[in-house]
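Biologist: I am new to this structure, and I would like a close look at one single part of it. Could you pick a residue and walk me through its surroundings?

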Amino acid sequence: MDTMIEVRKLIKRFGLKTILRGLDFQVEAGEFVALLGPNGAGKTTFLRILASLSRPAMGQVRIAGYALPAQASAVRRRLGVVSHQPLLYGDLTAEENLRFYGRMYGVPALDERVMEVLELVGLTARRRDLVRTFSRGMQQRLAIGRAVLHDPDVMLFDEPHTGLDQDASAMLDNVLREVAARGRTVVMTSHDLARTADLASRFDILSRGVIAGSVKRSEIDPNELLAYYRKTINQPAGRN
Amino acid sequence: MMKSSSQTVQRTKIEVPVSGPRTFLRALGAVVWKDLAAEMRSRELLSAMLVFALLVILIFNFALELDAQTRATVTSGVLWVTFAFAGTLGLNRSMAMEKDRGCLDGLLLAPVDRSAIYFGKAIGNLIFMFIVEAIVLPVYSILYNTNLFNGGLLLVILLGSVGYVAVGTLLSSMAVQTRTRDVLLPILLFPVVIPVLIASVKGSMGFLQGIEMADIWPWLNLLIVYDVIFTAVAFMTFDYIVEE
């Protein structure tokens, strides 16, 4: 299998505080990795570095064979990002938002692609409505539509279930499965172990600025994931 | 409802073009279009700028009871104070719109040269500034009984606005990252745009009072040089300012 994401000795500091402490991380093409960890572990910071929105202090990051930050533009062409904020304009309609991002990415045959994506996320009927009139769940589905518009190879999800009710979360899970089923590499941060246990093919636990544990879904009973998570985040620093 | 996997179209590989002048211009155009379209719907930014600008000239009108001669000397100062304050309001709002829903990240994730985002935002801000100026000038003419329809004055307003917006867009993208963005922008912006404001006031006054071109040229030259330098500085630094 090809390596899609490769991170070596990554260090990130904000002022005097070190958030990531020599983090190593590798994802093969087509894997769905759930990045778990307590609050403040650095999950969002790490994802922002992968998304080329933040520069590391030290270390190497390669995505789809391209190095960050030197080849950031090439990386961004292959990357789709969904965060807990929708990254959508409330005063534009769903269709206008997708059209705008499509132009930013230079998506060919944009009209057809926008309709295809609206269909994928189940918002065709609401395509002419302003995004500010959408529920949180609908906004999050449209955010996924925005992220897959240019057909990226790698998808990064930063706690996409934040603020969603049960129904909206279940609907979002369907979209996530759909996205992953199309051969994309997915990295998703989450607090919700039960939800990720159902979606991911691998579970990595980020604690104290490093990947403290990693286990494949095939290697662990989903019922034991919580125990494994607790054991990993509570083990003394340095023991992987 | 979302479609099931069996119903959806299969993934077809889309080739996103590599960055180049065409992608730069397309992204720039998209940002301008987006700002204008969003403003057409909400009218938040323009209405705030306009109401503020009109209030400022009204207050000056009542506060300063001027004779015709004094009016001619203060006109350029009152105009540029109005443009600068209203402009700050617009610059703040324009960048806050990007930050509120995380849209700035959405823009930065696009595979384009980030200066296209800067120039798109700057052109959008400039259009809003011109709209406000186009409304303020006739209102001012009526209130102060002064003829402002002077080609030279319009040239100074054009050059002054470009310089003001070039720096303002850059600094607002810096200020928006902080919690005190509303307060921070004027504190950062006004010291840096002092040369633009002085040159604009002097140049405007020169044209309104019919002073010789030889005396006005140095102010026009200062505006042109400032516009070129700060546009170049913004082009080179925007990427570093917006990235963590």
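Modeller: Happy to! A:Val187 has 25 other C-beta atoms within 10 Å, and 20 or more make a residue buried, so A:Val187 counts as buried. Please keep in mind that this is a predicted model.

Where does A:Val187 lie? Its place is in strand β8 of chain A, which covers residues 185-190. Leaving aside neighbours within four places in sequence, A:Val187 is in contact with A:Ile5, A:Val27, A:Val33, A:Leu35, A:Leu50 and A:Leu156.

Strand β1 of chain A, residues 3-14, pairs with β2(A) in the antiparallel sense over 9 bridges. Both strands belong to an open sheet of 4 strands in chain A, ordered β2-β1-β4-β5 with antiparallel pairing. At its edges are β2 (17-28) and β5 (66-68), each pairing on one side only. On average, neighbouring strands of this sheet are turned by 20° against each other, direction ignored.

Now step back to the whole chain. Chain A has 8 helices and 10 strands, and buried residues make up 50% of its 240 residues. Among contacts with a separation of 6 or more, 68% join residues 24 or more positions apart. The radius of gyration of chain A is 18 Å, which agrees with the value near 18 Å for a compact globule of 240 residues.

Note on methods: Residues are numbered from 1 along each chain as its sequence is written. Chains are lettered from A and ligands numbered from 1 in the order in which they are written. This is a predicted model: local features need pLDDT of at least 70, side-chain atom pairs count only at pLDDT 80 or more; totals for chains, interfaces and linings use all residues. Helices (H or I, at least four residues) and strands (E, at least two) are DSSP runs, numbered from the N terminus. The radius of gyration is taken over C-alpha atoms; the globule rule is 2.2 Å times the number of residues to the power 0.38. A residue is buried if 20 or more other C-beta atoms lie within 10 Å of its own, exposed if 12 or fewer, and partly exposed in between; C-beta atoms are placed from the backbone. Two residues are in contact if their C-beta atoms, placed from the backbone, lie within 7 Å. Two strands pair if DSSP finds at least two bridges between them. Axes are lines fitted to C-alpha atoms, for helices over the stretch in contact, and angles run from 0 to 180 degrees between N-to-C directions.
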